[in-house]
Amino acid sequence: MPMTPLNMTHPFLDADGDKLREECGIFGAIRANDAAAATALGLHALQHRGQEAAGIVSFDGKEFSASRGLGHVADNFSSHEAIAALPGHMAAGHVRYSTTGGSGLRNIQPLYADLASGGFAVAHNGNISNAGALRKDLVNKGSIFQSTSDTEVIIHLVATSRYPTIADRLVDALRLVEGAYALIVMTPEGMIACRDPLGIRPLVMGRMGDAILFASETVAFDVVGAELIREVDPGELVMVDFAGDVRTIRPFGSPSPRPCIFEHVYFSRPDSVFAGRSVYEARKAIGAQLALEAPCDADLVVPVPDSGVPAAIGFAKQSGLPFELGIIRSHYVGRTFIQPSDGARHSSVKRKHNANRALVEGKRIVLIDDSIVRGTTSMKIVEMMREAGAAEVHFRVASPPTAHSCFYGVDTPERSKLLAARMELEPMRTFIKADSLAFISIDGLYRAVGREGRDAACPQFCDACFTGDYPTSLTDLAIAEQKSAELPFADPKAA
């Protein structure tokens, strides 16, 4: 992922900066006929995880070929000519959201380098939280970087490792890395897929005939006609050669896994399976739990489309209230989230969502959404309901308050821009202009996704965006905060 100054504002959220965005999706295939075509199709299924750029690298047994471009997968890999330029039985691909200063072609993955051991390509989902410190040390030792991506740090660490095999070099490199990663690596010997020791970012393994596939989500296997084998375990390296032999190693011990709980809430497509559970069913269960914790005397349950729909179904069923599409979403609005001004953000809300006036007029409405980040979208949607004649507008959120930034591969604003970091519940309700506001509890969220509750001593998921309980060290953040603390303060009397 691009290395961005930590705690800096990211403009690439949605039109309002009020939806968190996964920054990457990855897919890989080995021993596949038309591996690049399968990879392009798999990436298309993962398009929701990254819509700024896409890339594919293939290997034909002799040479690596690469194609990368800004825009959607279909913009770059829909033609016969584009796929024909990527020959071979092995390919890996990547879709991404860019971050500040990181949208250039040089940062589009998979990244490729010629090492002493041969070609080396890597597709990375996640974020290395000590990439800045590692990069500085590598540069001081003579490394020359071609991108601003933290993924390139992994390549340099592999290149400078003294171990004899590529697998040992990769393990040696990853021992120096902190943070979150799901990797698909291609070498002349085959493919390696791995997850960080806590399994923060998702990665699954599948089979399509003789081919072995890896992907960020199971839905990619559905689209290409593959069957799911299993998840890649946290801390596991899966190595597949061209003869089809599969070997696994677990060099990082057995720490308790901490997969990202927001995959259940929002990131994954609802037709995926995450951590052994249907994402769609988990979201309905979250809505039902929310109804138990924060019931509402109302006439209609209305989802904020599209992400609020499964939770709203669960809320409506549990509460016995009618589920209705009181907001209609246009699916043909251009991606305007790069517009920086509040005016542009606000106008884009009405182009994306429109109240179903005939349905909501005179009714008491319960709006269901997956999260509130800045609060801009929530406020505008509440206003839209009132303008359409709703008698009351209540807001229920299918996640706990998002009060902390993510440093593990999710695009979040700096903490001061998060509504829940600045306000308690009642001021938040006033800000979005709702008649009532409630979030699901953190224990309720855990129960809804199949746990008895949150184990505070050893949480079963990464939930740092809600709790501030980060499961790894944040070296680059600590360095940035130390430098900030060392800056001289201006004398106010001198102004």
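Modeller: Buried means under 20% relative accessible area, exposed means over 50%, and partly exposed lies in between (1.4 Å probe, protein chains only). This is a predicted model, where local features need pLDDT of at least 70, side-chain atom pairs count only at pLDDT 80 or more, and totals for chains, interfaces and linings use all residues. Residues are numbered from 1 along each chain as its sequence is written, and side-chain values use heavy atoms, with hydrogens and water left out.

Biologist: Why is Cys406 called buried?

Modeller: Its relative accessibility is 18%. Buried requires under 20%, so Cys406 qualifies.

Biologist: What makes Cys458 partly exposed?

Modeller: Cys458 has 33% relative accessibility.

Biologist: What makes Arg269 and Asp271 a salt bridge?

Modeller: A salt bridge is a side-chain nitrogen of Lys or Arg within 4 Å of a carboxyl oxygen of Asp or Glu. Here the N to O distance is 2.6 Å. Therefore the pair of Arg269 and Asp271 counts. Arg269 is partly exposed at 27%, and Asp271 is partly exposed at 39%.

Biologist: How many salt bridges does the rule give?

Modeller: The count is 21. Side chains of opposite charge can pair when their charged atoms come close.

Biologist: How do you know that Arg364 and Asp297 form a salt bridge?

Modeller: Their closest N and O atoms are 3.3 Å apart. The limit is 4 Å, so the pair of Arg364 and Asp297 passes. This pair links distant parts of the chain, 67 residues apart. Arg364 sits in strand β20 (residues 364-369), and Asp297 in the loop between α9 (279-293) and β17 (300-303). Helices (H or I, at least four residues) and strands (E, at least two) are DSSP runs, numbered from the N terminus.

Biologist: Where do Arg429 and Glu426 lie?

Modeller: Both are in helix α15 (residues 425-432), three residues apart, about one turn of the helix.
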